[in-house]
Amino acid sequence: MKKTILILALIVITAGTIFIGCRSSSEKVENAEKNLQEAKQDLSIAKQDSVTEYQKFKLESEEKLAAHEKSIAEFKARIATEKKEDKAKYEKKLAALELKNSDMKKRLEDYKEDGKDKWEKFKSEFSHDMDEFGKTFKNLTVKNSK
């Protein structure tokens, strides 16, 4: 009795496997086309997300760069009353900061999206440079107030 049940179960499993494996070519093509369409949609969504992220980062960075320019101009006005030698020293440092700020602005404008890995690298390096600029400027202004 157990052998009969075992043989019957084996026959059912074998028949099921054969039935599932015997899909028609048209079903396989339809599934492949459906998968392709889904993949294209996912890619389109990912590209759109990437573009949106880049635009947001660019806008935020442009605002920070403009704030840097404003801070430099304000600091120039503050040092106008300094001694001649101190003023010259600060102006030289400010000129270097202005150059760095304009270089960062140009890098941001010139960046062309070229893959997620390159975007992440650019974003990381640019953010680091922005932070370093902020620290350098802060150190310059703190020394002035002592």
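Mentor: Start with the classes of accessibility: a residue is buried under 20% relative accessible area, exposed over 50%, and partly exposed in between. Bear in mind that this is a predicted model.

Trainee: Why is Arg107 called partly exposed?
Mentor: Arg107 has 30% relative accessibility.

Trainee: What makes Arg107 and Asp129 a salt bridge?
Mentor: The criterion is a side-chain nitrogen of Lys or Arg within 4 Å of a carboxyl oxygen of Asp or Glu. For Arg107 and Asp129 the N to O value is 2.6 Å, so the pair qualifies as a salt bridge. Arg107 lies in helix H3 and Asp129 in helix H4, so the pair ties together parts that are 22 residues apart in sequence. Asp129, at a relative accessible area of 21%, is partly exposed.

Trainee: How do you know that Lys123 and Glu53 meet in a salt bridge?
Mentor: Their side chains are at 2.9 Å, N to O, and the cut-off is 4 Å. This pair links distant parts of the chain, with Lys123 in helix H4 (residues 116-145) and Glu53 in helix H2, 70 residues apart. Lys123 has a relative accessible area of 25% and Glu53 has 27%, so each is partly exposed.

Trainee: What makes Lys105 and Glu69 a link between distant parts of the chain?
Mentor: Lys105 is in helix H3 (residues 84-110) and Glu69 in helix H2, 36 residues apart. Their side chains meet in a salt bridge at 2.9 Å, N to O. A search of the whole structure finds 6 salt bridges.

Trainee: Why is His68 called buried?
Mentor: His68 has 14% relative accessibility, and buried means under 20%, so His68 counts as buried. His68 is found in helix H2. Leaving aside neighbours within four places in sequence, His68 is in contact with Asn101, Met104, Met130 and Phe133. Across the protein, buried residues make up 16% of the 146 residues.

Trainee: Which residues form the negative surface patch?
Mentor: Glu60, Glu62, Glu63 and Glu109 form the patch. Glu counts as negative. Helix H2 (residues 25-79) gives the most to this patch, with 3 residues.

Trainee: What is the order of the elements from the N terminus on?
Mentor: The elements run α-α-α-α, and the secondary structure comes to 4 helices and 0 strands.

Terms used:
Residues are numbered from 1 along each chain as its sequence is written. This is a predicted model: local features need pLDDT of at least 70, side-chain atom pairs count only at pLDDT 80 or more; totals for chains, interfaces and linings use all residues. Side-chain values use heavy atoms; hydrogens and water are left out. Patches are made of residues with over 30% relative accessible area and no salt bridge: like charges are joined within 9 Å, nonpolar side chains (Val, Leu, Ile, Met, Phe, Trp, Tyr) within 5 Å. Accessible areas come from the Shrake-Rupley method with a 1.4 Å probe; for residues, only the protein chains shown count as cover. The place of a charge is taken as NZ of Lys, CZ of Arg, CG of Asp or CD of Glu. Helices (H or I, at least four residues) and strands (E, at least two) are DSSP runs, numbered from the N terminus. Buried means under 20% relative accessible area, exposed over 50%, partly exposed in between (1.4 Å probe, protein chains only). Contact means heavy atoms within 4.5 Å.
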